[in-house]
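Let's take a look at one protein chain together, starting with a single residue and then stepping back to the whole thing. Have the structure open as you read.

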Amino acid sequence: MTSSAPIGPVRRVRVAAITVGTNELSWLEPCFASLLESDAAGFDLTIWYVDNDSHDGSAAFVQKRFPRVRIIQNDSNVGFARANNIGMRAALEDGADYVFLVNPDTQTPNSLLRDLVEFMETWTGYGVVGPMQYEYDESGNTALGAHNNWSKTALRWGEQHAFAGDWPNHPSPAGPLEGRAPHTLEHAYVQGAAFFVRTTLLRTVGLFDEVFHTYYEETDLCRRARWAGWRVALLLDVGIQHFGGGGTAGSRYRRVQMRRNRYYYLLTDIDWRPLPTLRLASRWLRDDLRGRGVGGETTWWRGTWETTEAVWWLGRRVPLIRARRRAHRQLGRQVADYAAQQARSTR
């Protein structure tokens, strides 16, 4: 992609970049320094930092070092989903056209935001896009080197569904080849570490489902976007540096959150029929009880205890799961009704 031509005089595009941090002071200098150096010719860039009750002086550091960054201070750690929603609501109230969710452990190349804006302004059928992710350069150089592990996995799985590793025969969520932008990969989801979304989509489909708290919230929003008729893709020609892993790697928090959220995601997915859902959940349950489930391995007795917690958590949310499924079906019906209206109008 080129970044030399102006976006155009039709309207002044507004972009809000939102970073959520919890005790991640060491990452904030390169993260915000690279964002603030972005080539923003042709659009207005506002950067928000949502501090999720850090105790390492993160908010004070950002306020002093980067006075252009707007700060929202949470009184408690409300989780990744809700903290980003707080930032997105502020961006929506501020009139943003696009929101870029970006993790603290990233470095943004100068042309990235401009490339993302130009893509979305040109290809209006895309609701959510994201750059490919590359290894993090601790020297501060934002040039792109090798793909990081997340990108390697995304390229390996391609355009299969979110649980292809456990159940390969389910249909792909990718849209048809007709009308597709070049150099895109319609992966199952765009990771929340570098997530570029139209606010038009957010205003109609909604923000992150805060029940997820942390993990799978971006995967859920991507599937809702598709159910509402939008395309979702990774842009193969642009990239961002992302360290990845975070402070929860190997922790009990990560295991429990990922475990229960995976079941919740599956049970609220209207594309999965009851029998495959039961079979896949049973397969997960067997591995989880042995301590070999998603989020990292542990002992069998920890696995049994943590899985029991997850099942109990899900059982208390059965009415909510039913309500989510009804809402998800409504998204699909809205798209079908719109398509029918369009077909009648062209006759």
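## Who touches asparagine 103?

In this predicted model, asparagine 103 is in contact with Thr19, Cys31, Phe80, Gly192, Ala193 and His242, once you set aside its neighbours within four places in sequence. To find asparagine 103 yourself, go to the loop between β4 (98-102) and β5 (106-107).

So is asparagine 103 buried or exposed? Its relative accessibility is 17%. Buried means under 20%, so asparagine 103 counts as buried.

## Stepping back to the whole chain

Now zoom out. The protein chain has 11 helices and nine strands. Its C-alpha trace spans about 65 × 55 × 35 Å along the principal axes.

How does the radius of gyration fit with a compact globule? For 347 residues, such a globule would come out near 20 Å, and the protein chain has 20 Å, so the two agree.

## Inside and contacts

Of the 347 residues in the protein chain, 51% count as buried. And who is touching whom? Take the contacts with a separation of 6 or more: 77% of them are between residues 24 or more positions apart.

Key:
Residues are numbered from 1 along each chain as its sequence is written. This is a predicted model: local features need pLDDT of at least 70, side-chain atom pairs count only at pLDDT 80 or more; totals for chains, interfaces and linings use all residues. Side-chain values use heavy atoms; hydrogens and water are left out. Helices (H or I, at least four residues) and strands (E, at least two) are DSSP runs, numbered from the N terminus. The radius of gyration is taken over C-alpha atoms; the globule rule is 2.2 Å times the number of residues to the power 0.38. Buried means under 20% relative accessible area, exposed over 50%, partly exposed in between (1.4 Å probe, protein chains only). Contact means heavy atoms within 4.5 Å.
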